[in-house]
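This report describes selected helix and strand arrangements in one protein model. The sequence and structure are shown first.

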Amino acid sequence: MSGVTEMHQGSVIIIGAGVFGASTALHLSRRHPSYTITVFDCSPFPSPRAASSDINKIVRAAYSDLSLCRLAARSHEIWRNDSLFSKFYHEAGMLSIRPYKGGARAILENFKRLGINQEARIVTPEDVRQRFNGIFKEANFNTVEEFLWEPNAGWAEAARALAATMQAAIDNGVKYVTNGVSKLLVTAGHCHGVELVDGSKHHAQKVLLCAGADTARILAESSPDDSGLHAGPRFVAGAIIEAKVRLSPDQMETYKSTPAVLWDADPARGETMPPTLDGYLKFIRDIPLANTVLHPASNTKISVAPDNAEGTEWTAPENIPVLLREEMKTVIAGIFGVDAAAELQPEQLRLCWEPLAPDEAWFVTPHTRCQNLYIATAGSGHAWKFLPILGEFTVRMMLDPKGWEADELAKAWAWDRELVDSPDEDVIPRRQLANMR
């Protein structure tokens with residue numbers, strides 16, 4: 001693609017087709033079918049680089065923050081009942097260790113206040129060992145004394161659901177362009193479009209930047225000398241390591257009762273998921289790392305995802321640093337035991353990149369130093385379960401600024417909010433990919 005496209009009435013550019021971009025495109029196209037909406041992404045959808053494009057993701061309502069719990073419960077009902085999403089949703093329950101923000105009891109109190117998930121309860125390690133076909137009998141519980149069991153939780157086929165959302169938007173008239181955005185077009189504090197990697201320029205009345213791990217780079221590249229435009233300390237591109245294990249028929253029988261598991265305690269410090277329909281178990285190590293490099297034009301250091309497929313997509317284990325491969329063994333052994341870890345050998349691994357904010361909240365906000373520029377980013381892994389409703393908020397934020405400004409969620413997700421560190425010390429990466437080699 002080359003040349004220039006002109007701005008016209010009711011035009012919106014969306015940068016990125018991950019969870020924020022796809023949901024926004026769908027909701028905006030439904031609400032304003034006459035708008036010209038263009039989504040730019042460096043890959044066909046669903047992008048294998050996007051954190052929101054995965055073999056599966058947890059869908060749950062369990063949050064210690066009441067407002068997020070309420071939103072997650074509403075999104076969960078759509079996953080269950082809306083024909084666009086329900087075919088990708090599977091209910092298997094969720095078992096989790098909750099050491100932060102009031103723990104499991106704070107979540108149970110939220111369920112009670114909202115009148116939802118009345119079957120959720122606290123269970124002990126002994127309960128866990130005896131249930132689920134005995135798969136946790138050799139687990140390393142360390143000092144853990146209680147789990148939250150949420151039987152109404154489930155999981156979704158992530159990449160397929162994301163692709164269906166984007167396709168539904170395209171069916172509504174949204175234009176999808178497979179081409180990466182090099183930078184924003186910014187003049188005198190106004191954003192009026194984007195420049196693509198091929199040099200072509202495209203204009204719109206409003207630009208929504210939701211490019212995941214590439215968000216900070218695009219901001220710095222767009223106006224290198226204007227630090228007020230840059231992300232600064234608001235979020236850092238970080239990666240967690242994922243693994244998928246292909247199960248044999250016998251192993252499938254053994255692990256078919258596996259719930260979604262959030263094992264937020266040492267030594268495992270990770271997650272696993274129920275088997276996919278094609279027989280994969282997925283594991284996650286929930287200790288992120290960064291890839292901090294010098295951005296020459298702005299002379300600032302920014303964490304970015306590697307520019308090769310081995311650093312961002314599912315790949316052979318030998319393409320991942322040995323230290324990270326050993327950490328994945330720790331996850332599997334911690335959750336299912338040492339013998340299971342010897343049998344459950346990852347077929348592929350992945351560094352899954354997303355922007356991470358110190359307070360774990362998203363940014364769904366106008367950019368306060370650039371008119372017509374809007375941001376929707378941070379924590380797309382955590383945001384993924386909200387895929388059915390995220391676009392409601394981004395559309396309100398862009399099209400009803402006064403109404404949005406008065407919303408408590410707008411304050412929680414604002415660009416210039418006070419960033420209070422999460423009690424989880426591992427939210428912001430404290431280690432570098434370069435040091436894993």
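The model is a predicted one. In it, helix α2 (residues 66–81) and helix α4 (residues 103–114) have axes that come within 10 Å and cross at roughly 60°. An angle of that size makes α2 oblique to α4. The crossing of these two helices is right-handed. On the α2 side, the contact is formed by L66, C69 and R70, and on the α4 side by N110, F111, R113 and L114. Sorted by class, the contact of α2 with α4 comprises four nonpolar, one polar and two charged residues.

Helix α2 also lies across the strands β4, β5 and β9, and runs at about 105° to β5. These strands form an open sheet of three strands in the order β4-β9-β5, with antiparallel pairing. Its edge strands, β4 and β5, each pair on one side only. From one strand to the next, the twist averages 35°. Between β4 and β9 the antiparallel pairing extends over three bridges, and V59 stands opposite G154 in β9.

| β4 | 57–59 |
| β5 | 89–91 |
| β9 | 154–156 |

Helix α7 (residues 215–222) is largely enclosed by the rest of the structure, because six of its eight residues are buried. The buried residues are T215, A216, I218, L219, A220 and S222. Their cover includes β2 (11–15), β11 (181–187), β14 (206–209), β19 (292–295), β20 (300–303) and β23 (373–377).

Definitions and conventions:
Residues numbered from 1 in each chain as written. Predicted model: local features only at pLDDT ≥ 70, side-chain atom pairs only at ≥ 80, totals over all residues. Heavy atoms only, no water. Axes fitted to C-alpha atoms, helices over the stretch in contact; angles between N-to-C directions. Helix = DSSP H or I, 4+ residues; strand = E, 2+ residues; numbered from the N terminus. Parallel < 35°, antiparallel > 145°, perpendicular 65-115°, else oblique. Left-handed = near helix turned anticlockwise from the far one by under 90°. Contact = heavy atoms within 4.5 Å. Nonpolar A, V, L, I, M, F, W, Y, C, P; charged D, E, K, R; others polar. Buried < 20%, exposed > 50% of the residue type's maximum accessible area, 1.4 Å probe, protein only. Pairing = 2+ DSSP bridges.
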